[in-house]
Amino acid sequence: MASPTASELSSLGSSTSRSGKTPVFVVTGTSGAGKGTLEKALLTQMPDLELAVSATTRGRREGEENGREYWFITAEDFAEKVAAGDFLEYVDFPWGQRSGTLRSEIDRIQTEGRIPLLDLEPQGALEVKRSVPGAVTIFVEAPSFAENERRLRERATESEGEIEERLDLAREQLSQAGEFDYLVVNDDVDRALTELEEIVNKELSASMSRPWSTHASTSCLNKSRSDTPW
Ligand code: 5GP
């Protein structure tokens, strides 16, 4: 099924024209479920989607670029942004890392008539579901916990202690899977990607026919603006 383009969405009479805003898609799941791989493929398949780049205090992994995977900032900068209200939501991980969604990223993507895609852990995803009208939340899980663990270890980007912490958290997060709009089992990347695309297309088509109030302007994103460089 062909998806409506962002410009088609923006030109709609009732659902988005007053705000020029498009819906927000949130992909969540456990660390190691393989959502990053799926998202990269989805972004290639659907060029109207754009990843909202989070800010994080964690160190940069090999191959990552500032402004592409994350904005890599210091703990001090992160705390300042929290105090300034620059984050739509943020998370404090048990291993000391902080990551958050910048309101300015979502604003920028929507103002450009594109569709924001957020990659968040489940608590942040639930926060967005609560605070952003019309947000669509998709929980991605590995076919089994053992497979989740295998993928996390194969990635080998964390220390053994941090892998254990990520696995403990994953056990907890899996119990929340039912709270999201969709559940996608990442048993096979191509199959899961097709399912994801179908969800996005379906929701974009539905957003075109919904009354404006359902996909209301994400004005809650504008609560506080600051002169961040991005
Ligand atoms: P990683 O450190 O492996 O890049 O990410 C760890 C987890 O943090 C992933 O599950 C990812 O979805 C989540 N994450 C990344 N950015 C954000 C954010 O801005 N907010 C929240 N709540 N989670 C995030």
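Predicted model: local features only at pLDDT ≥ 70, side-chain atom pairs only at ≥ 80, totals over all residues.
Visitor: Why is Q123 called partly exposed?

Guide: Q123 has 16 C-beta neighbours inside 10 Å. Buried needs 20 or more, and exposed needs 12 or fewer. The count of 16 falls in between, so Q123 is partly exposed.

Visitor: Where is Q123 found?

Guide: In helix α5. Q123 and Y90 are 33 residues apart in sequence, yet their C-alpha atoms are 9.0 Å apart in space.

Visitor: What makes β7 largely enclosed?

Guide: 5 of the 5 residues of β7 are buried, so the rest of the structure largely encloses this strand. I115, L117 and D119 point one way, P116 and L118 the other way, and all are buried.

Visitor: How do you know that β1 and β7 pair?

Guide: Pairing takes at least two bridges. β1 and β7 have 3, in the parallel sense. The two strands therefore count as paired. V27 stands opposite D119 in β7.

Visitor: What makes β2 and β7 a pair?

Guide: Again the test is at least two bridges. L49 has I115 of β7 as its bridge partner.

Visitor: Which strands form the open sheet?

Guide: There are 4, in the order β4-β3-β6-β5, with mixed pairing.

Visitor: Why are β4 and β5 called edge strands?

Guide: Each pairs on one side only. The twist averages 25° from one strand to the next.

Visitor: How do you know that β5 and β6 pair?

Guide: At least two bridges are required. β5 and β6 have 5, in the antiparallel sense, so the pairing holds. Y90 stands opposite G100 in β6.

Visitor: Which strands does α4 touch as it packs on the sheet?

Guide: β5 and β6; the direction of α4 makes about 35° with that of β6. Helix α5 also lies across β5 and β6, running at about 155° to β5.

Visitor: Which residues of the largest nonpolar core touch the most other members?

Guide: V24, F25, V26, V128, I138 and L196, out of 40 residues. Elements that each supply at least two residues include β1, β5, β7 and α5. Helix α8 gives the most, with 5 residues.

Visitor: Which residues are closest to the ligand?

Guide: S54, V91, S99, L120 and G124, among 13 residues that surround the ligand. β5 and β6 are the elements giving two or more residues to this shell.

Visitor: How do the shell residues divide?

Guide: Into 3 nonpolar, 6 polar and 4 charged. Gly counts as polar here.

Methods:
Residues numbered from 1 in each chain as written. Core = buried A, V, L, I, M, F, W, Y, C linked by C-beta atoms within 7 Å. Near = placed C-beta within 6 Å. Axes fitted to C-alpha atoms, helices over the stretch in contact; angles between N-to-C directions. Contact = placed C-beta atoms within 7 Å.
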